[in-house]
Amino acid sequence: MLTSCSSAAVPDDKPDAKPVIQQPDPVAPAGLPLPDPPDVQAPSPRTTTEKPLRYELNPKTFRIQNPDEPNEKVLLLTFDDGPAGEATMELLDILDRHKVKSIWFINGHQVAKKKQDGTYAVIPEKAALLREIHKRGHLVGNHTWWHENLRKLPAEKQREEIVSTSQLIADVLGEKPKYFRPPFGAGTPVSETICREQGMVSMNWSVGSLDWEPAVYKKPNGITRQVISTVHSGGNILFHDRVWTATELDAILTQLEKDGYQFVLPTEAK
Ligand SMILES: [Zn+2]
């Protein structure tokens, strides 16, 4: 189990032990029901070991993997920079239709207005959106308050960016975030330390949807093409809470499902 920003268990290098049982498809005579399947079922490693499913993030590649079944075609979906509001509900509805859970790395400024004295006033409709994300089973992660490049900020400012966002999430949802993503993927030793103190796992991503590049998202199916051509097993896909992402998300998920991928959440942070 991961309890900090940088540590991670090395996945067991077990071969895929799933037995291959070949059986002909049963054929029923016309008009008769199919016979019951035989009682003897091929044992599945998951049911015989009865271990809870584990999905761990590689702290260097940020890919996600079940260490017990490293060949599983799994993906982690992440949505950054929200809740923006314009497309948030549509994205949530599409994810629901596909029965997919994801991580939403939110910015404090999207949910509350900060005052001069450092306190903040929650924006009610944005707080409601944040609760909706949480209610639908997605994880809410910390993506800093102002989305500044932490590498350009002094240590105390970095701390404020991260800590105030975690506090805001706790105020609205009743629990602190367990995952952190630095803006622009630009973490620092300071942010890693703060993250560890706060009990968060830090991650960047391994598949960029490029839904932040006008040259990609302005082209028809541009985001879809980008994701499908760069996706890989264990991929940690970066999307944003944006209208054009919502336009393409259904097609992207449909294609990934056809290609045999399933969508999972990391399980290391408790
Ligand atoms: Zn961002």
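**Notes on the parallel strands and their surroundings**

1. Strands S3 and S11 pair in the parallel sense, with five bridges between them, where pairing requires that DSSP finds at least two bridges between two strands. Within this pair, Asp 80 stands opposite His 240 of S11. Helices (H or I, at least four residues) and strands (E, at least two) are DSSP runs numbered from the N terminus.

2. Two matters of convention should be kept in mind. Residue numbers start from 1 along each chain, following the sequence as written. The model is a predicted one, in which local features need pLDDT of at least 70 and side-chain atom pairs count only at pLDDT 80 or more, while totals for chains, interfaces and linings use all residues.

3. For the protein as a whole, the secondary structure comes to nine helices and 12 strands. Of its 270 residues, 36% count as buried, a residue being buried if 20 or more other C-beta atoms lie within 10 Å of its own, exposed if 12 or fewer, and partly exposed in between, with C-beta atoms placed from the backbone. Among contacts between residues at least 6 apart in sequence, 72% join residues at least 24 apart; contact here requires C-beta atoms, placed from the backbone, that lie within 7 Å.

4. Strand S11 (residues 236–240) is mostly covered, with five of its five residues buried. Asn 236, Leu 238 and His 240 point one way from S11, whereas Ile 237 and Phe 239 point the other way. In a regular strand the side chains alternate between the two faces of the sheet.

5. S11 also runs parallel to S10, to which two bridges join it, and Leu 238 in S11 is the bridge partner of Gly 208. Gly 208 itself lies in strand S10 (residues 207–208) and counts as partly exposed because it has 18 C-beta neighbours inside 10 Å. Val 231 is 23 residues from Gly 208 in sequence, and their C-alpha atoms are 8.9 Å apart.

6. Strand S3 (residues 74–82) is joined to S4 by four bridges, and the two run parallel; Thr 78 stands opposite Ile 103 in S4. Together with helix H2 (residues 88–97), S3 and S4 make a right-handed β-α-β unit, the hand meaning that, with the strands pointing away from the viewer, the path from the first strand over the helix to the second runs clockwise.

7. Strand S4 (residues 103–106) directs Ile 103 and Phe 105 one way and Trp 104 and Ile 106 the other, and all are buried. S4 pairs as well with strand S7 (residues 139–142), in the parallel sense and over four bridges, with Asn 142 in S7 as the bridge partner of Ile 106.

8. Which residues have the most contacts inside the largest nonpolar core? They are Leu 91, Trp 104, Leu 130 and Ile 237, in a core of 50 residues, defined as a set of buried Ala, Val, Leu, Ile, Met, Phe, Trp, Tyr and Cys residues joined through C-beta atoms within 7 Å. Leaving aside residues up to four places away in sequence, Trp 104 touches Phe 79, Gly 82, Ile 133, His 138, Val 140 and Gly 141.

9. In helix H6 (residues 189–197), Ser 191, Ile 194 and Cys 195 are buried. Seen down the axis of H6, its buried residues fall within an arc of 100 degrees, so they line one face of the helix; the arc is that of the directions from the helix axis to the C-beta atoms. Their cover includes helix H5 (155–173), strand S8 (179–180) and strand S9 (201–202).

Technical notes
Contact = placed C-beta atoms within 7 Å.
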